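Thank you all for coming. I would like to walk through one model with you, going from a helix to the sheets and then to a pair of packed helices.

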Amino acid sequence: MRVTHCPVNTAGIPWTNVQALRARGVDARLVVFNRYKLHPEADVDLRRSGGLLRRQLTQARAFARLAPRTDVFHFYFGLTLLPKSIQFPLLRALGKKSVLHFLGSDIRGRPPEQLAWARRAGARVVGSYDAIRWVPDAQVIPPGIDLSGIEAAPPTGRDRPLVVHAPSSRARKGTDHYRRADVIVDQLNAGWYGVFAIEAMALGKPVVTFLHDEAVRLSEAAFGVEVPIVRATRETLVAALRPLASSPEERRRVGAASREYVERVHDVERVADRLLALYAAL
């Protein structure tokens, strides 16, 4: 099987997926419009620049090169190589399969009519059971991380635990900077967790964030494991932190459950299984 992932590397998710597929013997590659500063990983950088016509010509040439050596085109963030009106009909005419993989802000809050075009793809994917509110027929494939490179660092037993709130700059979020933390406070308004929270849970840290109840219920039913995140809003944050701050045992318990949850839901090996099953069903 030959799979081209394109055209962005948002949050490093596409690159992680490509690496997971390669480990399974799949001929997979990531082609991007331009490399991101934070996540520059890619096999091909189109170095797209100039006005609209010049950018579209660059993309069309790339598609012409990629089509003969691709069985499945896996698009991310609502972006395609050719204009959407012709991308999917052309892929069908060429006998190629397609996937549209939404990553969050590309669909959040958008009315159904703005996303109706997505049904032209062979399959739609979202990263959580919170996101299917906007794409109800999508398959859920949570973001994966390579746990082999993340050693757990359980919370300490100190009387005054170190509580860290994730800054808005993604460049300052990461496992290297927060290994000393005892508790991580993530976002308090989005309704689900992202890659940073996954990394924190992989370290065995308790994570406090805001989650929608229905998304939690659907996730637990689908994956057969309790979501261990401590739920809070801006108004209830102090109350949610109090048991974690006062009990080293509770911090360790939630932290251990968090690592186990990531192993069950977000391990890149499990993500590879889900991607392969998706492609086989196209």
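Which residues of helix H1 (residues 13-23) are buried? Please keep in mind throughout that this is a predicted model. The buried residues of H1 are Ile13, Pro14, Trp15, Asn17, Val18, Ala20 and Leu21. As for what covers them, the list includes strand S1 (2-6), strand S2 (27-32), strand S4 (72-76) and strand S5 (97-101), together with helix H5 (195-202) and helix H9 (268-281). In its placement, H1 lies across S1, S2, S4 and S5, and it runs at about 165° to S2. Just after H1, glycine 25 adopts a positive phi of about 90°.

Seven strands make up an open sheet with parallel pairing, and their order is S3-S2-S1-S4-S5-S6-S7. Strand S3 (44-45) and strand S7 (139-140) are at the edges, and each has a single partner strand, so one side of each is left without a neighbour in the sheet.

Which strands does S4 pair with? S1 and S4 pair in the parallel sense over four bridges, while five bridges join S4 to S5, which also run parallel. If you follow histidine 74 in S4, you will find it opposite histidine 5, and it also stands opposite valine 99 in S5. One further pair to look for is phenylalanine 75, whose bridge partner in S5 is leucine 100. From S4 the chain crosses through helix H3 (residues 84-93) to S5, and this β-α-β crossover is right-handed. H3 itself lies across S4 and S5, running at about 160° to S4.

There is another sheet to consider. Here four strands form an open sheet in the order S8-S9-S10-S11, again with parallel pairing. Its edges are strand S8 (163-165) and strand S11 (230-231), each with a single partner strand, so one side of each is left without a neighbour in the sheet. Strand S10 (residues 207-209) pairs with S11 in the parallel sense over two bridges, and the bridge partner of valine 208 in S11 is valine 230.

Finally, I come to the helix pair. At what angle do the axes of helix H7 (residues 237-246) and helix H8 (residues 248-265) cross? The two axes come within 5 Å and cross at roughly 105°. Because angles of 65 to 115 degrees count as roughly perpendicular, H7 is described as roughly perpendicular to H8. On the H7 side, the contact is made by Pro243, Leu244, Ala245 and Ser246, and on the H8 side by Pro248, Glu250, Arg251 and Val254. Sorted by class, the contact of H7 with H8 has five nonpolar, one polar and two charged residues.

Methods
Residues are numbered from 1 along each chain as its sequence is written. This is a predicted model: local features need pLDDT of at least 70, side-chain atom pairs count only at pLDDT 80 or more; totals for chains, interfaces and linings use all residues. Side-chain values use heavy atoms; hydrogens and water are left out. Buried means under 20% relative accessible area, exposed over 50%, partly exposed in between (1.4 Å probe, protein chains only). Contact means heavy atoms within 4.5 Å. Two strands pair if DSSP finds at least two bridges between them. A crossover is right-handed if, with the strands pointing away from the viewer, the path from the first strand over the helix to the second runs clockwise. Axes are lines fitted to C-alpha atoms, for helices over the stretch in contact, and angles run from 0 to 180 degrees between N-to-C directions. Angles under 35 degrees count as roughly parallel, over 145 as roughly antiparallel, 65 to 115 as roughly perpendicular and the rest as oblique. Ala, Val, Leu, Ile, Met, Phe, Trp, Tyr, Cys and Pro count as nonpolar, Asp, Glu, Lys and Arg as charged, and the others, Gly among them, as polar.
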